[in-house]
Amino acid sequence: MARRKKTSPLEDVLDLLAMLPWWACVMLAAVSYLLLHRLAAPIQASDLQGQGGAMVSAMMQKAVIHGMATAGQYIVPLLCLAAAGLSALRRKQRQSLLADVAQAPNAAALDGMSWREFELLVGEAYRLQGYRVTELGGDGPDGGVDLVLTKGGEKFFVQCKQWKAYKVGVTTVRELYGVMAAKGATGGFVATSGRFTEDAKEFAQGRNIQLIDGLQLFAMVQRARQAQGQFANQQRESANEMDTPRTQARVSTTEPVTPAQDAPRPDCPRCGAAMQLRTARQGANAGSVFWGCSTYPKCRGTRAAG
């Protein structure tokens, strides 16, 4: 598939930083500003020790550091913040792609994607399976590897082929296998929106390489989306279960039990004030109902309720 055009070093650094979570980029921006701002402090004469050539060399060195830090204290944090925005945008794009494909009626939804969108989709599907995903884009020296997956100390390589016109052949699978052996990867995956040739399938057999065609990828995306929804539901249910006891405790603490209309309200045996039905919150009688003085905690008089 087509690859990205040549970029400037600044764009490469931005793209590299954007591989981090957005919050990590924000923290990096703050730390870099504090460090560079300190280095950008004006040079004091007391900072320079020595005489003659040693003093001149120290002055030149500090002047260079001061000049770079003065500009860098603004450029580097801004670059990190831009990377944070790009990282957040990519995350939103990945989630949107996954949701759109998972809701599509069939695997034809994969055909209208660009190569970049296809890689983001595949990476997000593996990310939701518990893998840590590093996006390489196939531009590095790793034989066209697009994604590196890590899980449990093991490393896996992924090649993404968004090919519609023809099948993925054995050459692609051989290349991935060679990179796996050279780099010590545990396994590899080749994902395509289309299909594989018979030679490619035969070569992958007996080797730790999994070939994922369009139909299999579509099913994998649907499973990943379903698992994501189940996890979100479990989190909400857990939060509700944690809140319920606290809510009940607050009610039992601040609100007395409303007595039946025909039940007589006794007087407090200690102070003579009217009494109210209450519920014991702890101790051997937790959950039982009793009469408590309406002036509690001033008066702690009680009576049995029945």
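Is Phe156 buried or exposed, and what is its relative accessible area? In this predicted model, Phe156 has a relative accessible area of 12%, and because buried means under 20%, Phe156 counts as buried.

**Aromatic pairs**

A search of the whole structure finds six aromatic pairs, and two of them are set out here.

| Pair | Distance between ring centres | Angle between planes | Arrangement |
|---|---|---|---|
| Tyr126 and Tyr131 | 5.7 Å | 85° | edge-to-face |
| Tyr131 and Phe156 | 5.8 Å | 85° | edge-to-face |

The planes of Tyr126 and Tyr131 stand at 85°, and since an angle over 60 degrees counts as edge-to-face, the pair is given that name. Tyr126 and Tyr131 are both buried, and for Tyr131 the relative accessible area is 15%.

**Where the partners lie**

Tyr131 is found in the loop between helix H4 (115-127) and strand E1 (132-135), whereas Phe156 is part of strand E3 (residues 154-161), so their pair ties together parts of the chain that are 25 residues apart in sequence. Taken together, ring pairs link Tyr126, Tyr131, Phe156 and Phe189 into a cluster.

**Charges over rings**

Tyr131 also has a charged neighbour, for Lys151 lies over the face of its ring, at 4.8 Å from the ring centre.

Technical notes: Residues numbered from 1 in each chain as written. Predicted model: local features only at pLDDT ≥ 70, side-chain atom pairs only at ≥ 80, totals over all residues. Heavy atoms only, no water. Phe/Tyr/Trp six-rings, centres within 6.5 Å; stacked < 30°, edge-to-face > 60°. Buried < 20%, exposed > 50% of the residue type's maximum accessible area, 1.4 Å probe, protein only. Helix = DSSP H or I, 4+ residues; strand = E, 2+ residues; numbered from the N terminus. Lys NZ or Arg CZ within 6 Å of the ring centre and 35° of its normal.
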